[in-house]
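Below are a few notes for someone opening this entry for the first time.

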Amino acid sequence: DAAMYVAKSRGKGRYECFSPGMHLDAFNRLKVETELNTAIKRDELVLQYQPVIDLHSGEISAVEALVRWEHPDRGLVPPMDFIPVAEDTGLIDDIGSFVLRNACRQVREWQGRFPKDPPLKVAINLSASQLEEPSLAERVATLLQQCDLPPNTLILEITESVLMRDTDYTATKLSELKALGVQLAVDDFGTGYSSLSYLRGFP
């Protein structure tokens, strides 16, 4: 069973021979899933903000919200150690909502405390499952209103792989978000096989 899941994760039409290490990997993933589920309920997730610097002025023009996990025993857990598990188990939806809600509130507070023209922006990553939510645009619109955050100061980022998964559906969802006035960005574009011409089909 463990070998089957490894084969599936590495692509279709292949096989893998079982090794004891696969059992350990499966056990560790289950442990991370269980602890991460508890972490969400115990508010162990925290946001860190990476500044984006305008090279002409030297000022901070935006921040990127990055989620971290403050594990009670392991300390600060990097996203690569829990985000893939969260995506596979559906926990990414709760994590994505946490990031979106708290990052918008924090940046709106900073905009009030440190007014500038143009105002500080915040970039937030959207997962594939978030983009598949039928009510995503409505949720974002409600959040912008609740936080009193100017829509043009919110940048929603998706990865190239998510962008190319179902281009027609993705274009529709992005158009709904664009209509709210938010900015859209593609993260890591060029790491896959997409041509720049694909970007013409998206808002």
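1. The model is a predicted one, and it holds 0 disulfides. A disulfide is a covalent bond between the sulfur atoms of two cysteines.

2. Cys 104 is buried, at 1% relative accessible area, whereas Cys 17 is exposed, at 57%.

3. Helix 8 covers residues 167-178, 12 residues in all.

4. Within helix 8, the buried residues are Thr 170, Ala 171, Lys 173, Leu 174 and Leu 177. Viewed down the helix axis, they fall within an arc of 170°, and therefore line one face of helix 8. What do these buried residues pack against? Their partners are helix 5 (128-131), helix 6 (136-147), strand 5 (154-159), helix 7 (160-163) and strand 6 (183-187).

5. The largest nonpolar core has 46 residues. Those touching the most other members are Leu 36, Val 67, Phe 82, Ile 124, Leu 154 and Leu 177. Helix 4 (residues 92-113) supplies the largest share of this core, 8 residues. In soluble globular proteins, nonpolar side chains tend to be buried together.

6. Leaving aside residues up to four places away in sequence, Ile 124 touches Ala 65, Val 99, Leu 100, Ala 103, Cys 104, Leu 154, Ile 155, Leu 156 and Glu 157.

Key: Residues are numbered from 1 along each chain as its sequence is written. This is a predicted model: local features need pLDDT of at least 70, side-chain atom pairs count only at pLDDT 80 or more; totals for chains, interfaces and linings use all residues. Side-chain values use heavy atoms; hydrogens and water are left out. A disulfide is a pair of cysteine sulfur atoms within 2.5 Å. Buried means under 20% relative accessible area, exposed over 50%, partly exposed in between (1.4 Å probe, protein chains only). Helices (H or I, at least four residues) and strands (E, at least two) are DSSP runs, numbered from the N terminus. The expected span of a helix is 1.5 Å times one less than its number of residues. The arc is that of the directions from the helix axis to the C-beta atoms. Contact means heavy atoms within 4.5 Å. A nonpolar core is a set of buried Ala, Val, Leu, Ile, Met, Phe, Trp, Tyr and Cys residues joined through side-chain atoms within 4.5 Å.
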